[in-house]
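Visitor: Please walk me through this model, starting with its open space and then its helices and strands.

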Amino acid sequence: MDYQRFIDEQISEIKNEVGDGVAVNALSGGVDSSVLTVLAHRAIGDRLKTYFIDNDLMREGEPKSVEKQFADMGVPVQLVDSKREFLGALTGLTDPEEKRHAITNTFYKDVFSRLVKESGAKVLMHGTILTDIEETVAGIKRQHNILAQLGIDPEKEYGYRVLEPLKTLRKDGVREVAKLLGFSREMWNRIPFPGPALATRIVGEVTEERLSVVRRATTIVENELQDTGAFQYLAVLLSDKATGMRNNQREFGDIIVVRCIESVDARTATATELPWTKLNRICQAIVDIPGVNRCLYDLTPKPPATVEYI
Ligand code: XMP
């Protein structure tokens, strides 16, 4: 594929579609939404309003670091504190699809339709990629960013049109576009991080306490595994508990699963063969998190497993 041509075509398409109006988009800092943000900013400049929705499901320090990264590239990003809305919508939910549905609804119906109204935008830009569409259509998973594919008419339901300029690319293609747009290696090479964020890594109810456990485990896993060159690595908090011993006391503690995979486009994946010493170090750090007494490494390929746990 000629990626430079792809960039030129998408920029002119965005110009045509938005006309002299305003468009909005949500930036998570992942490579898909970052590429979309820069493409759209090149197309329509300040008529693009980019928001970082702080849903409380992000990794340590993420909102501020994304805002700064884009400020350094001359793209203004507005942080929107929506923590209460998202956690409120997730309270009491344990079913994976219900959790995803609650996030979709809070994102599009509550937070985004409000921002769209405030900004006067008629267009919402989204960094949906081909894999998201395929897996949603195949019924494997409801990705949070698919509307048309689910038969939802955003114009009717939420009052805005959705543009998805990256929907013909897979992750490897998005990375090629990112390089051509001048992204730093750190940015184009960022491991994928799902839209519903840490909620996809909590089996069972998402609460502030459980988020804090999985967030700490995520920091440990990302720090330890960033030098592996693996496609993606993550930590998952299970809903089961296990018996353990701490300070000569029995405790019934949390279980964290570590996942690290090799893949090209996330459609299929295999577990990375990690050195034992590295696995041991990760395990030690993870069981130092209060309340966690087991750490497991997941060897399952995709399929039959998926990458995320919900
Ligand atoms: P699964 O778990 O379906 O993940 O094997 C495949 C790839 O997609 C990411 N993923 C998502 N990305 N919104 C996203 O933007 C989502 O709802 C979502 N669910 C999974 C996952 O991290 C992996 O890279």
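Predicted model: local features only at pLDDT ≥ 70, side-chain atom pairs only at ≥ 80, totals over all residues.

Visitor: Which helix gives the most to the lining of the largest pocket?
Guide: The lining has 21 residues, and Arg190, Ile191, Glu222, Gln226 and Tyr233 lie nearest the centre. Helices H3 (62–72), H9 (185–188) and H10 (208–225) each supply at least two lining residues. With four residues, the top contributor is H10.

Visitor: Is H10 roughly parallel or roughly antiparallel to H11?
Guide: H10 packs on helix H11 (residues 276–286) with the axes 10 Å apart, at an angle of about 160 degrees. Angles over 145 degrees count as roughly antiparallel. The crossing is right-handed. So H10 and H11 are roughly antiparallel.

Visitor: How do H1 and H2 lie to each other?
Guide: Helix H1 (residues 3–18) and helix H2 (residues 31–44) have axes 9 Å apart and an angle of about 60 degrees. H1 passes H2 in a right-handed crossing. Roughly parallel would need an angle under 35 degrees, and roughly perpendicular 65 to 115. H1 and H2 are therefore oblique.

Visitor: Which strands are the edges of the five-stranded sheet?
Guide: The open sheet runs in the order E3-E2-E1-E4-E5, with parallel pairing. An edge strand here pairs on one side only. The edges are E3 (77–81) and E5 (161–163). From one strand to the next, the twist averages 30 degrees.

Visitor: How many bridges join E6 to E7?
Guide: Strands of a sheet pair through backbone hydrogen bonds, either parallel or antiparallel. E6 (residues 232–246) and E7 (residues 249–262) run antiparallel. Leu237 stands opposite Ile256 in E7. The bridges joining E6 to E7 number 12.

Visitor: Which residue in the hairpin of E6 and E7 takes a positive phi?
Guide: Two residues lie between the strands of this hairpin. The phi in question is near 50 degrees, and the residue is Asn247.

Terms used
Residues numbered from 1 in each chain as written. Heavy atoms only, no water. 1 Å grid on protein atoms, 1.4 Å probe; cavity = no way out; pocket = protein on both sides within 12 Å on 5 of 7 lines; lining within 4 Å. Pairing = 2+ DSSP bridges. Axes fitted to C-alpha atoms, helices over the stretch in contact; angles between N-to-C directions. Left-handed = near helix turned anticlockwise from the far one by under 90°.
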